[in-house]
Each structure stands twice: as structure tokens, then as C-alpha cells.
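Please keep the sequence and the structure in view while reading.

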Amino acid sequence: MKEALLYDKLEDQKVRCNLCNHRCLIGEGKKGLCQVRVNQGGTLYSLVYGKLVAENVDPIEKKPLFHVQPGSRSYSIATCGCNFRCLHCQNHEISQMPRDESRIIGWEVSPREVVRKAKASGCTSISYTYTEPTIYFEYALDVAKLAREAGLLNVFVTNGYMTSEALDTFHPYLDAANVDLKAATDDFYKKICGARMEPVKESIRKMFSLGVWVEVTTLIIPGLNDDPEGLREIARFLLSISPDIPWHVSAFHPMYRLMDRPRTSASTLRRARELGLAEGLKYVYCGNIPGEGEDTHCPRCGTSLIRRIGFRVLENNVKDGHCPECGEAIQGLGL
Ligand code: SF4
């Protein structure tokens, strides 16, 4: 076990975890909501430090990050656990294992070894993904520091529920993030995810202001978050930060405890994309319907810049971060 960062010691051997916005008050011998942080004798420990449960070489497009080193590979890791309990979690076997099965599994991999494997496999970044990186913060931070020294980018794929303090600590090593903004209402966050919406929006704002490259994903679930007004609200929120933030609207399929909803239709996604573009976002992409709405076009002259199918980049015409036709700057990292 590794002593946790970002917590307060309180009276009667209680602790307050300040890692995510649940800010759990944890009595001696108890765990936080995520079930991967335990209070022993008034000291808070991480139960997942260095215990990987997933380790893969992925295209960075799978995160999805479309404006970060297009066509590159990202060494993608995760431990068990999550601070959300989304009813439709695609990775519930590992994210919810500590809660659903009261167990934590994983193989020991040191931070140095993660970085070595990432370099050896030709990756140019490390993605902290699949589950929620915030809950393995101490491990991610140690990996990220070494990754930065080794010239690799660090990428979070996150629900955005970390505290401001957590971001202050991590951001010097964080290059990019894909943040889920799951819906436009607090009600959705409460009922479907067991969390609140505002802290997620705050994280998106803060990451952007700290210079982290941010892309945002909204998984559109029929009947739950697909009304045009709500989607418009999300688009306007992103626009209020920057029109350069790419927005990924992706298709739901029945999963875990949300089996009573149909798949998202291609026409719903198409409409969401058009709505985002009409609001003024420069880049809106469809996800989970390969071959549709995945290309990057110049927002000024419409030239096709990056052509993709699924997670594959077929063609990249961006020249030093600019459109080769009209010279428009295309924002991102390593474009
Ligand atoms: S990370 Fe979040 S859910 Fe886990 S103990 Fe800390 S405050 Fe609670």
C-alpha cells in the first residue's frame, strides 16, 4: 500500500480525501466511495498503486483524441476502480470490481517499467484510461513524471471529477485530456453516474486555462441525454471556453445495468454533430459509427485535413499545425 496524497487527517482517526469531488469522510478501517482508498489508523492509503489491470498499445484516436499526434500509438494503462458508478459503464468489470465484487486485482508494474515498455513499443504518449485515472492518482503521477523525462506525452481519459487541488498537482505533467461531459443536467449525473455535473464543467474550464489540450466526449443515450436543448447547452458551454475544443458525440449500445435503452441511431449522432457545428464549434466528431463524421476539415475553407476510418488515420494534410490551403491554424498537439 502507498500512502495517499491529498487528504486531511481529522479527529478520531478520520480522514478527508480531497482527490475527487466526493471528498469522502472516511472513518478508521473504512474505504472511500471508490473502494480503492482505505483509512488505516488515521492514514489514508491507495490500494491500487502499481497494480495494473489493463495495459495495451492503442491508437491515440481510440481515447478519443483527434488533435494529438494523429496516427500515433499511446501506451494505455489502468488499475481497478472508479469514483463514478455509471449504469452503462463499458469497462464495468474492472472499474466497478472493487464495489461489485469487493476485490482488487492487478499485476505489479513499476512506473519505470511502464515508461520503458511505452518507449519499447514505439508509443509517443501514455494514456491513463479505461477506468478513472483520478483514483490511481499517486501511481499515475509517478509514471507521468518519468514519462515527461523520457519525452512522452501524458494523457488522461477522465470523468473530470478530480478536485482543483488534484489538477494543481498533476497538471505540470499533463499534456492532454479527453473529458466526458456526460449530459447537460445534474439529474442525469445523480441518477446515472452517482455524481454531480458542476465539478466536471469546472475541471474542463480549469484544464483549458492551465494549458492542457482538452477534447470532450458525450455518449448519447436515447431518451436520457439526447434532447437537442441539452446537447445545445453542452455545445454552448464548450463554446464559452473555446470554439477549438473538439467535441466527440458518440453512440451508446446497451451495457451493464442500462440494457433497456436502444442503440443510438446514426441519424441522432448526425444531428448532434450538425447542432454542435451550427453553434460555432470548429470540430465535432461522431464516434462509434466508423466512416461517418470522423474527418477533420479546415474550419475556415473546408479543406479535408485528416481523413479517418474508425481509429485509423488514412491521410493527414495538416502542415505544421496549419491548413495547407488557406493557412488557418489548426489547434492541437503535434499536428
Ligand atoms: S478518490 Fe474520491 S471517491 Fe475515492 S476516497 Fe477519494 S474522495 Fe472518495
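By class, the lining of the largest cavity comprises 8 nonpolar, 3 polar and 2 charged residues. Here Ala, Val, Leu, Ile, Met, Phe, Trp, Tyr, Cys and Pro count as nonpolar, Asp, Glu, Lys and Arg as charged, and the others, Gly among them, as polar. The model is a predicted one, in which local features need pLDDT of at least 70 and side-chain atom pairs count only at pLDDT 80 or more, while totals for chains, interfaces and linings use all residues. Residues are numbered from 1 along each chain as its sequence is written, and side-chain values use heavy atoms, with hydrogens and water left out.

On a 1 Å grid over the protein atoms alone, a cavity is a set of points where a 1.4 Å probe fits but cannot get out; a pocket is an open set with protein on both sides within 12 Å along at least five of seven lines, and lining residues have an atom within 4 Å of a point. Grid points are joined across faces, edges and corners, and a volume is the space filled by probe spheres set on the points. The count comes to 1 cavity of 30 Å³ or more. The largest cavity has a volume of about 110 Å³. It is lined by 13 residues, of which Cys-17, Cys-20, Cys-24, Cys-34 and Arg-37 are the closest to its centre.

The ligand sits in this largest cavity, in the sense that more than half of its atoms lie within 2 Å of the grid points.

The largest pocket has a volume of about 1000 Å³. Its lining has 42 residues, and Lys-63, Gln-90, Asn-91, Val-157 and Asp-180 lie nearest its centre. Strand 14 gives the most to this lining, with 3 residues; strands are DSSP runs (E, at least two residues), numbered from the N terminus. The lining of the largest pocket holds 16 nonpolar, 18 polar and 8 charged residues.

The structure holds 0 disulfides, a disulfide being a pair of cysteine sulfur atoms within 2.5 Å. Cys-82 is in no disulfide, and the nearest cysteine sulfur, that of Cys-86, is 6.3 Å away. Cys-82 is buried, with a relative accessible area of 10%, where buried means under 20% (1.4 Å probe, protein chains only).

Conventions. Helix = DSSP H or I, 4+ residues; strand = E, 2+ residues; numbered from the N terminus. Buried < 20%, exposed > 50% of the residue type's maximum accessible area, 1.4 Å probe, protein only.
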